[in-house]
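Student: Please show me how to read a model of this kind, feature by feature. I would like the general idea each time, and then the case in hand.

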Amino acid sequence: MLTIENAVEHLRGRGVIPGGGTATLLTGGVSGVVVLVSGGDRRLVVKQALDRLSVATEWLAKPERLLTEAAALALLHEITPAHTPELVDVDPAALVLTMTAAPPGWQPWKTVLLDEPPSGARFAAVASALGRLLSAWHQQTWGDPVVAERFADYEAFEQLRVAPFHRVIRDRHPALTPAIDACITDLTTARDCLVHGDFSPKNVLVAPDGPLWVLDFEVAHVGAAVFDLAFLQCHLLLKAIHRPAAAPALRAAATAFQTGYGPTTSTRLGWHTACLLLARVDGKSPATYLTPAGRDRVRALAVHALSLPSSPPIDDLWDRAG
């Protein structure tokens, strides 16, 4: 298993670095071991996927998803080289990948949204850039048979998203089964384009002066494009409920994101977002920063949307979120 004690030796053994370096464990995720290695003028991130995620309940996923992450990172770096790390090395036997690290001073966008005073430059401008970036990824892989064949493995997405999110909340809220099942059908049958699968603020690094990177492609697959849109909308709504004073700026960011992305072909963005909201309070991966009152508000918002006879517009969720 990858550790801070063996990360440098791993890179030397792979011929990535010629000498020594210092290793630091990076925290914040639950699905893998991530180590920053600094040596000479290079900063590298070394990553290994866990087969059991670091959460309270048992949550298993195949570690081979790391090879999918490496392939997605390589492909998307070709499309938008300024907005992803560069893949440096993949060890398929040890299931360890190495990529370039962001410069010092970059921080997760999640930290900005939760802790900083609302700012157009740090909220809506970043969201707009993310919308344009995601649109480029979706458009340039839409209907591509080569991409479809390379990213046809759906198992990690089922293990890390559909089963612990949608199937768990369906079991806990059986009255909402029709809407949840409609979303599950979308996710298990659509093969639109390459979907990131974890397009959230924690996987966006932002520089103090504007540039950004998107990280973490381990659940990438060819699937329903709406999932990426709903995933980010969900996270912005969660933070708006958690930070009422920042809610107008977060809604502006959500609007900028959708505008940057452009029109979507899905008619169920509202339901997909509501499923993810409910999953973040009643699924296997609850949003830890929410207060009990915040969890109640998120649950009420999601249940209302999923109780409707058809999917509401995303603006309706924002209206009800306040």
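Predicted model: local features only at pLDDT ≥ 70, side-chain atom pairs only at ≥ 80, totals over all residues.

Student: In which sense do β4 and β5 run, and how many bridges join them?

Tutor: Strands of a sheet pair through backbone hydrogen bonds, in either a parallel or an antiparallel arrangement. Here strands (E, at least two residues) and helices (H or I, at least four) are DSSP runs numbered from the N terminus, and two strands pair if DSSP finds at least two bridges between them. Strand β4 (residues 87-91) and β5 run antiparallel and are joined by four bridges. Four residues lie between the strands of this hairpin, where Leu-95 takes a positive phi near 55 degrees. β5 also pairs with β3, in the antiparallel sense and over five bridges, and Val-46 stands opposite Thr-98 in β5.

Student: Why is strand β5 said to be largely enclosed?

Tutor: The term to settle is buried, which means under 20% relative accessible area, with exposed over 50% and partly exposed in between (1.4 Å probe, protein chains only). Strand β5 (residues 96-100) has four of its five residues buried, so the rest of the structure largely encloses it.

Student: Which residues is Gln-48 in contact with, and is Gln-48 buried or exposed?

Tutor: Gln-48 lies in strand β3 (residues 42-49) and is buried, at a relative accessible area of 13%. Contact means heavy atoms within 4.5 Å; with neighbours within four places in sequence left aside, the contacts of Gln-48 are Met-1, Leu-2, Gly-32, Val-33, Leu-66, Ala-94, Leu-95 and Val-96. A polar atom of the Gln-48 side chain lies 2.9 Å from the backbone oxygen of Ala-94.

Student: Which strands are at the edge of the open sheet?

Tutor: That sheet has three strands in the order β6-β8-β9, with antiparallel pairing. Its edge strands are β6 (107-108) and β9 (212-214), each of which pairs on one side only. Strand β8 (residues 204-206) pairs with β9 in the antiparallel sense over three bridges, and the partner of Val-206 in β9 is Leu-212.

Student: Which members of the largest nonpolar core touch the most others?

Tutor: In soluble globular proteins, nonpolar side chains tend to be buried together. A nonpolar core is a set of buried Ala, Val, Leu, Ile, Met, Phe, Trp, Tyr and Cys residues joined through side-chain atoms within 4.5 Å. The largest one has 97 residues, and Trp-109, Leu-130, Trp-137, Leu-212, Val-214, Leu-277 and Leu-306 touch the most other members. Helix α8 (residues 226-242) contributes the most to this core, with 12 residues. Each of domain 1 (4-100) and domain 2 (107-321) supplies at least three residues to this core. Apart from this core lies another, of 13 residues, among them Val-8, Val-33, Leu-44 and Val-96.

Student: How far apart are the C-alpha centres of the two domains?

Tutor: Domain bounds come from an automatic or database domain assignment, and the C-alpha centres of domain 1 and domain 2 lie 24 Å apart. Across the two, 26 residues of domain 1 are in contact with 26 residues of domain 2. Not counting residues up to four places away in sequence, Leu-76 touches Thr-84, Trp-137, Leu-194 and Phe-217.

Student: How many disulfides does a search of the whole structure find?

Tutor: A disulfide is a pair of cysteine sulfur atoms within 2.5 Å, and the search finds zero of them. Cys-183 is in no disulfide, and the nearest cysteine sulfur, that of Cys-275, is 3.9 Å away. Cys-183 is also buried, with a relative accessible area of 0%. Cys-183 is among the contacts of His-272, which also include Asp-186, Leu-187, Val-226 and Ala-230 once neighbours within four places in sequence are left aside. His-272 is found in helix α10 (residues 269-282) and counts as buried at 1% relative accessibility.

Conventions: Residues numbered from 1 in each chain as written. Heavy atoms only, no water. Polar contact = N/O pair within 3.5 Å; in protein donor to acceptor, adjacent residues only side chain to side chain.
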